[in-house]
Amino acid sequence: MTDQPFWNPKTELMPRAELVELQLAKLRRVLAWAKDRSPHYRRTLAGVDPDRIRTRDDLARIPFLTREEWMASQEAHPPFGELPVTGAHDAIRLHTTSGTSGRTPLRALDSRKDWSWAAEMWCYALWGAGVRPHDVGYVAFGYGSFIGFWGLHNGLEKIGALTIPGGAQSTAQRVRQIHDFGATVVASTPTYALRLAAEAEELGIDLVNGPVRRVILSGEPAGSIPETTALIERKWGAAAYDTAGMTEVSTIVMFTPAEQPGGCHVIEDHLLEEVIDPETGREVGYGERGERVCTSFGRSTTPLLRYRTADLVVKVPGSRTTSGRTWDLYEGGIIGRVDDMKLVRGTNVYPGAVEAIVRGFDGIEEFQIRISRPGDRDEIELLLEPAATVDDTGWDLLSGRVAAELADSHEGLRFHVRRAATGELPRFELKAKRLTDLRPAV
């Protein structure tokens, strides 16, 4: 098995027509399950007959689920709301969203079967990236209630790789363990991968010529930004692979295989994904940017049907893949969030687009974006923390080039580029928060 590139060749290479029929059969089953057992779905699916869902067009009969609805259900029926099909007494795990937005995190219950399924989803990604039983995997993650890399840990074990949990340690301690234990695979967020690399440099540990050959990324859209991925690969001397998932589905939904750089395959034998216009709710065509809507076939304790994720994606057909898989792809993975875009003096500003430019320059350790309204117009400031080796002359050249490229890509909008002192800007282990909007609420 180790010689073939597919974790499940039967479904990964399944003809498209058969795949669609498989999805619809699984959809009818999960609809019936949720309608029969979940108080929320018993109410919202009252007029939906699972047996009448025969084509993708029939998806429109199923109402969307939003984060706001889920949160409202938790508040009205604490602590877990009405989505779960059972109470905590029948579950074995509780996980939450990261809470980076400052709001109450979502809480999700899972059974033993759910967690076995979550590990299976990670196996698709890990195997597709070339991880094998002989590997040593290091999981640079805090192992808290945030779901994060819990499933990846289980996936590494399921493949048979030696798995090292890197929780409850400083960055320096993690770097030393990666080095001392001879890790060949490291898993982290994109931001933390760069932080680990910077720490290794300070410690005099040569990552580029070390044993790490694969870096598995997740948790941030930055993993889909080519400039960020390229920087990580240079710092580690290893190939970087993007994945994306969410607490709401308990695991990942897409991954970049070794044969398909620049695009993430949707795990379509276990998920049904739509891309809709965020304003109208109507499905958009291949090649059009829209919002991901996710239906999961594997999580049974907390069913997920047509969940509006707020992730921005561009779907392209599986026929364009070079990996051999028939599954559709998200070109560039998660390219942003519906609610990430900021309007500054009539110009759309996406944090991901700013990061793509910043990461294209050497000598920048960290950055922050701040939007304010000191007078009668908006201002946008970019704080750059250069490497300690960048002198004043180098800073003048670097900041000028960054400012010019930002203006060119943002319709002439002027970014005020300011130098931050070494160590001034925050570092992140989990999801990075690099944009602060200080403007008064309208």
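Two strands count as paired if DSSP finds at least two bridges between them. Keep that in mind as we walk through this predicted model, starting with one of its sheets.

**The sheet**

Strand β17, which covers residues 364-372, is joined to β20 by three bridges, and the two run parallel. That clears the cut-off of at least two bridges, so β17 and β20 count as a pair. Want to see who faces whom? Isoleucine 369 sits opposite leucine 435 in β20, while isoleucine 371 has aspartate 437 of β20 as its bridge partner.

Now look at the pairing of β17 with β18. Here the sense is antiparallel, and eight bridges hold the pairing. Glutamate 366 stands across from glutamate 385 in β18. β17 and β18 also make a hairpin, with six residues between them.

Here are the opposite residues side by side:

| Residue | Stands opposite | Strand of the partner |

Put together, the open sheet has four strands in the order β19-β18-β17-β20, and the pairing is mixed. Which strands are at the edges? They are β19 (415-419) and β20 (435-437), each of which pairs on one side only. From one strand to the next, the twist averages 20°.

In a regular strand, side chains alternate between the two faces of the sheet.

**Helices against the sheet**

Helix α10, residues 351-358, packs on this sheet and touches β17, β18 (379-386), β19 and β20. The direction of α10 makes about 145° with that of β17. Helix α11, residues 392-409, lies across β17, β18 and β19. Relative to β19, α11 runs at about 155°.

**The nonpolar cores**

Let's move on to the nonpolar cores. The largest one has 68 residues, and Leu27, Leu152 and Ile216 are the ones that touch the most other members. Which helix gives this core its largest share? That would be α5 (residues 112-128), with ten residues.

Leaving out residues up to four places away in sequence, leucine 152 touches Trp122, Leu126, Val139, Ala187 and Ile216.

There's also a second, separate core, made of 24 residues. Among them are Ala197, Leu217, Ile232 and Ala238.

Methods: Residues are numbered from 1 along each chain as its sequence is written. This is a predicted model: local features need pLDDT of at least 70, side-chain atom pairs count only at pLDDT 80 or more; totals for chains, interfaces and linings use all residues. Side-chain values use heavy atoms; hydrogens and water are left out. Axes are lines fitted to C-alpha atoms, for helices over the stretch in contact, and angles run from 0 to 180 degrees between N-to-C directions. Contact means heavy atoms within 4.5 Å. A nonpolar core is a set of buried Ala, Val, Leu, Ile, Met, Phe, Trp, Tyr and Cys residues joined through side-chain atoms within 4.5 Å. Buried means under 20% relative accessible area, exposed over 50%, partly exposed in between (1.4 Å probe, protein chains only).
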